[in-house]
Amino acid sequence: MAQEFPTSAELERLHRVVIIGSGFGGLFAAKALKKAPVQVTIIDKTVQHLFQPLLYQVATGILSQGVIAPPTREILNRQRNAEVLLGEVTDVDVEARTVTHRVGEYVTTTPYDSLIVSAGAGQSYFGHDEFAEFAPGLKSIDDALELRGRIYGAFEIAELLDDPEAAEQWLTFVVIGAGATGVEVAGQIRELSSRALRHDFRRINPADAKVILVDAGDQVLASFGEGLGERSKKALEKLNIDVRLGHTVTGMDAQTVELTDKDGTKHVIKSNCKVWAAGVSASSLGRKLGEQTGAAVDRSGRVATLPDTTLPGHEEVFVIGDMASLNDYPGVAQVAMQGGKYAAGQIKRRLSGNPDAGPFKYFDKGSMATISRFKAVAKVGKIELTGFVAWLMWLFIHILYLVGFQKRVTTLGHWAMAFVGRARAERTITAYEAMGMADLVRARQRADSEIFYEPRQHDDG
Ligand SMILES: Cc1cc2nc3c(=O)[nH]c(=O)nc-3n(C[C@H](O)[C@H](O)[C@H](O)COP(=O)(O)OP(=O)(O)OC[C@H]3O[C@@H](n4cnc5c(N)ncnc54)[C@H](O)[C@@H]3O)c2cc1C
């Protein structure tokens, strides 16, 4: 029987490409190297390839985490020249050409000939990291599950309360950041309260929930332009979402959010369930690479790369996706995917002695965001779309980019349930998750106050 290429012995002699991150940039780079005479090692601190644009649907119970985060190992299991390693990369030594990564006490050093760094970005609280405890972001599966527990848990706890004010505080959801993620989360919490949970509670009316969307800027969906921003704001308000633009979050604890408007007036909202969808901060690996290569690093931690996405003096190190700052390209999936394919192409060209492809150029295929079921906005070049047509486009594109036929079918099924019907397939939360937030709220009360909420006394006991 003919032996598959490359054999294990051949792999050992091959050019070693190490990829940090199995997100959009990393995975697309690895796949683009499938037929190349290289050995690919992809290292990630998680075991999955996460489809971040649908995280909000995990947080609101529409999809399971399995659908949007298949194991990277499974995706690449037929790519013989690729191996997948679990580990958080803690250091890169660009002179020694090694990457150090660890899982607990297990520390590994992996050498490379070419390195593609695509470690993405995390949440930024703009210097207020203490907000993270009260308003989780939405960047990982952990975040999405935490939020799902908090959102569904808030309804559960409100159902227990005699005091209408305390119940209202649990049923007030504040979403901070009116970019695509904030708009999508706010829209889905509204749908959840007004449609999906409509018949499920006896003592509260979930539709009474307040959903407040806050942004320091003057526009919803700023990157979509003024026209679409204004139309989106109107659509959100029609759904009974309270949109507060020009308001900066200046304080927060377990029970409140303090907003400061442009006149300097402070407004305190009583809310136990907050979601942070505001800033991003690139992986700290960017600073390490900047220090070693002299590449500039901006305030968000993004590394200024050369036009071919490499670092000064190190044509073997590529930095792509959300970690890179080049030509003001936005932090979106397409930039990362195209960057991954480009870096892989450059490596292949060099190995085969072909000239470089020239600078990396991002081709903007457009952007879109959903507002609620059957409503979305989309911008493709100069074309602006809203409503059902934009929503159909959103549906088609997202199904196309989900990995795996089975996951696409499952997703379509869950979307039909949620959008045509009113069911949420993934709304199970553990009691631990529901109580986690109640404990947090209680622990943070003023020391002299009585317990914050009085559990309802059951007469039948
Ligand atoms: C909630 C949300 C919604 C979004 N919606 C859209 C959208 O609708 N359309 C769109 O185009 N874009 C969207 N984006 C942006 C898009 O997801 C990113 O631009 C894209 O994921 C960037 O790809 P990347 O490869 O740079 O990073 P990522 O895809 O984030 O991948 C980074 C990978 O690196 C790993 N990693 C990080 N640090 C380390 C380390 N030290 N060691 C090892 N591994 C590490 C992470 O675990 C992750 O797997 C959204 C993002 C979020 C968070």
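**Exercise 1. Find the residue in β22 that is the bridge partner of M368, and describe the sheet around this pair.**

Step 1. In this predicted model, M368 has A378 as its bridge partner in β22.

Step 2. Strand β22 covers residues 375–380 and is joined to β21 by 5 bridges, the two strands running antiparallel.

Step 3. The sheet is open and has 3 strands in the order β21-β22-β23, paired in the antiparallel sense.

Step 4. At the edges stand β21 (367–372) and β23 (383–386). Each has a single partner strand, so one side of each lacks a neighbour in the sheet.

Step 5. On average, and ignoring direction, neighbouring strands of this sheet are turned by 10 degrees against each other.

**Exercise 2. Which strands does helix α9 touch, and at what angle does helix α12 run to β22?**

Step 1. Helix α9, residues 226–238, packs on the sheet and touches β21, β22 and β23. The angle between the directions of α9 and β22 is about 175 degrees.

Step 2. Helix α12, residues 387–401, lies across β21, β22 and β23. Its direction makes about 75 degrees with β22.

**Exercise 3. Decide whether G339 is buried or exposed, and list its contacts beyond its sequence neighbours.**

Step 1. Apply the cut-off: a residue counts as buried if 20 or more other C-beta atoms lie within 10 Å of its own. G339 has 29 other C-beta atoms within 10 Å, so G339 is buried.

Step 2. Neighbours within four places in sequence are left aside; G339 is then in contact with G25, T309, I320, G321, A324 and F360.

Step 3. K361 is 22 residues away from G339 along the chain, and the C-alpha atoms of the two are separated by 8.6 Å.

**Exercise 4. How many residues surround the ligand, and which elements give two or more residues to the shell?**

Step 1. The ligand is surrounded by 34 residues, and the closest are G21, G23, G25, G120 and G321.

Step 2. Two or more shell residues come from each of α2 (24–32), β2 (38–44), β4 (88–93), α8 (180–196) and α11.

Step 3. Sorted by class, the shell holds 15 nonpolar, 14 polar and 5 charged residues.

**Exercise 5. How many helices and strands does the protein chain have, and why is the chain called as compact as a globular protein of its length?**

Step 1. The chain has 14 helices and 23 strands.

Step 2. Its radius of gyration is 24 Å, close to the 23 Å given by the globule rule for 461 residues, so the chain is as compact as a globular protein of that length.

Step 3. Along the principal axes, the C-alpha atoms fill a box of roughly 80 × 50 × 45 Å.

Step 4. Of the 461 residues, 44% are buried.

Methods. Residues numbered from 1 in each chain as written. Predicted model: local features only at pLDDT ≥ 70, side-chain atom pairs only at ≥ 80, totals over all residues. Helix = DSSP H or I, 4+ residues; strand = E, 2+ residues; numbered from the N terminus. Rg over C-alpha atoms; globule rule 2.2 N^0.38 Å. Buried ≥ 20, exposed ≤ 12 C-beta atoms within 10 Å, placed from the backbone. Pairing = 2+ DSSP bridges. Axes fitted to C-alpha atoms, helices over the stretch in contact; angles between N-to-C directions. Contact = placed C-beta atoms within 7 Å. Near = placed C-beta within 6 Å. Nonpolar A, V, L, I, M, F, W, Y, C, P; charged D, E, K, R; others polar.
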